[in-house]
Amino acid sequence: RESDHRAWTPVSYTVTRQNATVQGLTEGKAYFFRIAAENIIGMGPFTETTKEIVIRDPITVPDRPEDLEVKAVTKNSVTLTWNPPKYNGGSDITMYVLESRLIGKEKFHKVTKEKMLDRKYTIEGLKEGDTYEYRVSACNIVGQGKPSFCTKPITCKDEIAPPSLDLDFRDKLIVRVGEAFSLTGRYSGKPAPKVTWLKDDIVVKENDRTKIKTTPTTLCLGVLKSVREDSGKYCVTVENSTGSRKGFCQVNVVDRPSPPVGPVIFDEVHKDHMIVSWKPPLDDGGSEITNYIIEKKDAHRDLWMPVTSATVKTTCKIPKLLEGREYQIRIYAENLYGISDPLISDEMKAKDRFRVPDAPEQPIIKDVTKDSAVVVWNKPYDGGKPITNYIVEKKETMATRWVKVTKDPIFPSTQFKVPDLLEGCQYEFRVSAENEIGVGDPSPPSKPIFARDPIAKPSPPVNPEAVDKTKNSVDLSWQPPRHDGNGKIIGYLVEYQKVGDEEWKKANLTADSCPETKYKVTGLTEGLTYKFRVKAVNAAGESEPAHVPDPVEVKDRLEPPELILDANMAREQHVKAGDTLRLSAVIKGVPFPKVSWKKEDHEVSPKADIEVTGVGSKLEIRNTVHEDGGIYSLTVENPAGSKTVSVKVVVLDKPGPPRNLQVSDVRSDSCYLTWMEPEDDGGSVITNYVVERKDVASAQWVAISSSSKKRSHMAKYLMEGTQYLFRVAAENQFGRGPYVETLKPIKAIDPLHPPGPPKNLHHVDVDKTEVSLVWNRPDRDGGAEITGYLVEYQEDGADEWTKFQTVPMLDCVVTGL
């Protein structure tokens, strides 16, 4: 029963031993127990426990603490931490016992005498250089548990670690004037590193605006209300005895620019506009000047009018002025961060002054050579001030940049010989006039000219000759003239004359129709004799003619045929089935020979493409099959002779079907197959044969051999009584050929022979017209069950046996005797 209840609860009625296990109790509750003995007469009195029993697991000492780690080591101290044991033994941990052992000694000694519950402890007062190992145990009310695993041996010495630096800022930082900025980061190292800040290689010192804060792990440089002078390259150095680390940041404190630098210069003043210029600000505010803002004001009014805010140049045209009025100009500089204070000009009256000279008219070019030309121009209006100089410029026609032809002044002459031209280049020229006001606009460009010497007519062509002829044409050839007259040869004029005539006829009407040093004169009459001559032509005109030395009789020139074989016309040409067969040769001969292709002295296949050109012939068969193989011949023939070449073409393909497939030696579980090699091996060696079988009742063929090189195979593992078909195919490197199949099914049964003779034939009864016979089974049945016995009789002295009947049993009564 529970200690706070009065009712007893039975536990068991069947215990015959002197012990019992009580189940279903609640942990933490207190119980009383009682026991009574019982026999057949009845139950005896109960015996009760003297005091209540609290239900809980048995208490043991704790497990060993876990994860004992060394956190810090110096020359005279060691700091350790650990985690509590996984199981406290059923009772709370009351304290931890930390022990150490000097390496070389056997015993561990307690490190502390006081009661310790913290799981972190620093052991101090150690001797530098000594090596210890440590362990820790946990205690509860039962006692001290097992010690933890020992640490590795720890030597007392100061730890050394090179500095590390982790910065919170990037390489560049942009700050507006008046704003604060800070450069922060973290660092570490042993011994503790020294932190130094530099700006542009000068040590940063603290002042009212600049603050430096350094802790054992963090560093910070802060600047309040930044000014432009705070811009620069900042560097933080973290250094100890083992090394140093550096971090950099380019700080740019930006502001609006300072005003443009004056005074405002009036470069040009006219009655309706002015051109002013100025210098950029001394300080661009740390950011590039994006534009200038220009305004104008009538000196007698207070209103400033905008001119432009889009210019980036330090010059500007002030338009829309009223003649005779005085004006002031003010100019602001602007960047991304604001607009500067203005620069204000003096007053200036809008009225015309002297001006630069007008532009000269288009100059004329004369006396051109390969490296010089004379430029001639007329004097322009001088703008009210005398002209003091002319500026002559040149440029190549395809170029965009004009270049002065001389640095020396050109005056008062109005022509100039331009030197140092590049031969063959095309040039244009222009001229500007200059007075004390300045340089006027340039003239329009001159007409383009090529820098080259004046052209003369060329000398005649060299060594003209007739190099070929037919019954109606003559081919001429010659060398270029020795002198081209300093002009490009445009081409040649070819002329011919029939012997006896006085008139020369033109073979080509224009020189550019014959740009090369050869020409075929056509339309001539067979059998006549002609003279020929050639003239060279350049831009200056025609040369004197050069004559072919001898008259030429027009008739066909005979040359026997000649064949120059290509690589694909070697003695034997192999081509894979399905690929394209190409046979070709270069053909020569005059007149051009007649070309014919043959295969085995017959016409080639209609699927062959035959092409004949003026220099050769080509035969091409696409998607070749094995039948395309054979001896191909090419014959060329003209009146001077003929020539023939042959090439053996082998079309490599899968082999044909094997021949004469035979089945022999049939058994109940095997048979023997033989065959002959295919008539056609596909142009390649047979590598193996594939043998397959099929049950006549099945649609599926089954491979029984795929690597046999022999022309026979023993087909095993047949099922007795089943009918089979067999087939064989040959393989070479180009694939598997068609199968050859057995003509009729083969039944898997052992071979049959006639049975042996019955034994012990004798009669057992005789009548006047019949005899009763009996006999025994023969010794052998011939491989099949005996189906019956044939009984015959013969009259004594006769030659013929007479069949009586076939009986199934081993006896018979012969009647009718």
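Is Cys514 buried or exposed? Cys514 comes out buried, at a relative accessible area of 2%, where buried means under 20%, exposed over 50% and partly exposed in between (1.4 Å probe, protein chains only). The model is predicted, so local features need pLDDT of at least 70 and side-chain atom pairs count only at pLDDT 80 or more, while totals for chains, interfaces and linings use all residues. Residues are numbered from 1 along each chain as its sequence is written, and side-chain values use heavy atoms, with hydrogens and water left out.

Cys156 is buried too, at 0% relative accessibility. Searching the whole structure for disulfides (pairs of cysteine sulfur atoms within 2.5 Å) turns up zero. For Cys156, the closest cysteine sulfur belongs to Cys150 and sits 16 Å away, so a bond is ruled out by distance.

Val61 is partly exposed at 33% and belongs to the loop between β4 (53-54) and β5 (66-73); strands here are DSSP runs of E, at least two residues, and helices runs of H or I, at least four.

An unreviewed UniProt entry puts "domain: Ig-like" at residues 163-252 and 561-646. Residues 163-252 are 0% helix and 64% strand, with end C-alpha atoms 28 Å apart. For residues 561-646, the values are 0% helix, 62% strand and 16 Å between the end C-alpha atoms.

Note on methods. UniProt positions are given in the numbering used here, feature names are shortened, and annotations may be inferred rather than shown by experiment.
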